[in-house]
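Please read the following report with the sequence and the model beside you.

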Amino acid sequence: MLWNLYLLLLFQRSCIWHRDATMVAVDDPVTEGPNPKSKEIGRAQGMYINSQLDDKGLHLMFSVIFADGEFKGSTLEIQGADLFAMKEREISIVSGTGFFRFVKGYGIMTTHFIDIPNLRAILKLHVTVKHY
């Protein structure tokens, strides 16, 4: 099963700064397209952690909670390294609920838009999952 999700990440709402590390809690829209006015189909709720000493990489862990559409009431659990300077990053789909119960897979994440000073980004996540 393949499809695209768009994660509209607006980090400025919930940052926690601690010495040389940054932890960011997110609760941001997941939409059908890259336009911020696209139909919202769920939320990305979780955490990003600045995990590299040179500030060029993050570790992410979040749930995509579907609130509309074909997968309403289901979730995908996502985690992995986000080396955001790379054009494409592969992350793990580690589990899910509802329609996605017992899935495993991966996502190819690309950056559609990034505004680092204001901690805003639009990420495209191309998802491939397999039911076991």
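## Strands and their pairing

Two strands are said to pair if DSSP finds at least two bridges between them, and the strands themselves are DSSP runs (E, at least two residues; helices are H or I, at least four), numbered from the N terminus. This is a predicted model, in which local features need pLDDT of at least 70 and side-chain atom pairs count only at pLDDT 80 or more, while totals for chains, interfaces and linings use all residues. Residues are numbered from 1 along each chain as its sequence is written, and side-chain values use heavy atoms, with hydrogens and water left out.

Isoleucine 78 has isoleucine 93 in S7 as its bridge partner.

## The nonpolar core

A nonpolar core is a set of buried Ala, Val, Leu, Ile, Met, Phe, Trp, Tyr and Cys residues joined through side-chain atoms within 4.5 Å, where buried means under 20% relative accessible area, exposed means over 50%, and partly exposed lies in between (1.4 Å probe, protein chains only). Which members of the largest core touch the most other members? They are Tyr48, Leu76 and Ile78, out of 24 residues in this core. At least two core residues come from each of the strands S3 (21-31), S4 (40-50), S5 (58-66), S6 (75-82), S7 (88-97), S8 (103-115) and S9 (120-131).

## Aromatic rings

Rings of Phe, Tyr and Trp (its six-membered ring) count as a pair if their centres lie within 6.5 Å, and the pair is stacked if the planes are under 30 degrees apart, edge-to-face if over 60, and tilted otherwise. By this rule there are 6 aromatic pairs.

Phenylalanine 66 lies in strand S5 and phenylalanine 100 in the loop between S7 and S8, so their pair ties together parts that are 34 residues apart in sequence. The relative accessible area is 3% for phenylalanine 66 and 0% for phenylalanine 100. Phe66, Phe71, Phe99 and Phe100 form one aromatic cluster.

## Charged pairs

Side chains of opposite charge can pair when their charged atoms come close. A salt bridge is a side-chain nitrogen of Lys or Arg within 4 Å of a carboxyl oxygen of Asp or Glu, and the model has 4 of them by this rule. Aspartate 27 and arginine 43 form one, at 3.0 Å from N to O, and it links strand S3, which holds aspartate 27, to strand S4, which holds arginine 43, across 16 residues of sequence. Aspartate 27 is partly exposed at 34% relative accessible area, and arginine 43 is partly exposed at 23%. Salt bridges that share partners join Asp27, Glu40 and Arg43 into one network.

Lysine 39 and aspartate 68 form another salt bridge, with their closest N and O atoms 3.2 Å apart. This pair links the loop between S3 and S4, where lysine 39 lies, with the loop between S5 and S6, where aspartate 68 lies, 29 residues apart. Lysine 39 is partly exposed at 43%, and aspartate 68 is partly exposed at 31%. Are arginine 89 and aspartate 82 buried or exposed? Both are buried, and they form a salt bridge in which the closest N and O atoms are 2.7 Å apart.

## Around methionine 61

Methionine 61 has its place in strand S5 and is partly exposed, with a relative accessible area of 31%. Valine 26, in strand S3, is buried at 7% relative accessibility. These two residues, valine 26 and methionine 61, are 35 residues apart in sequence and 9.9 Å apart in space, C-alpha to C-alpha.
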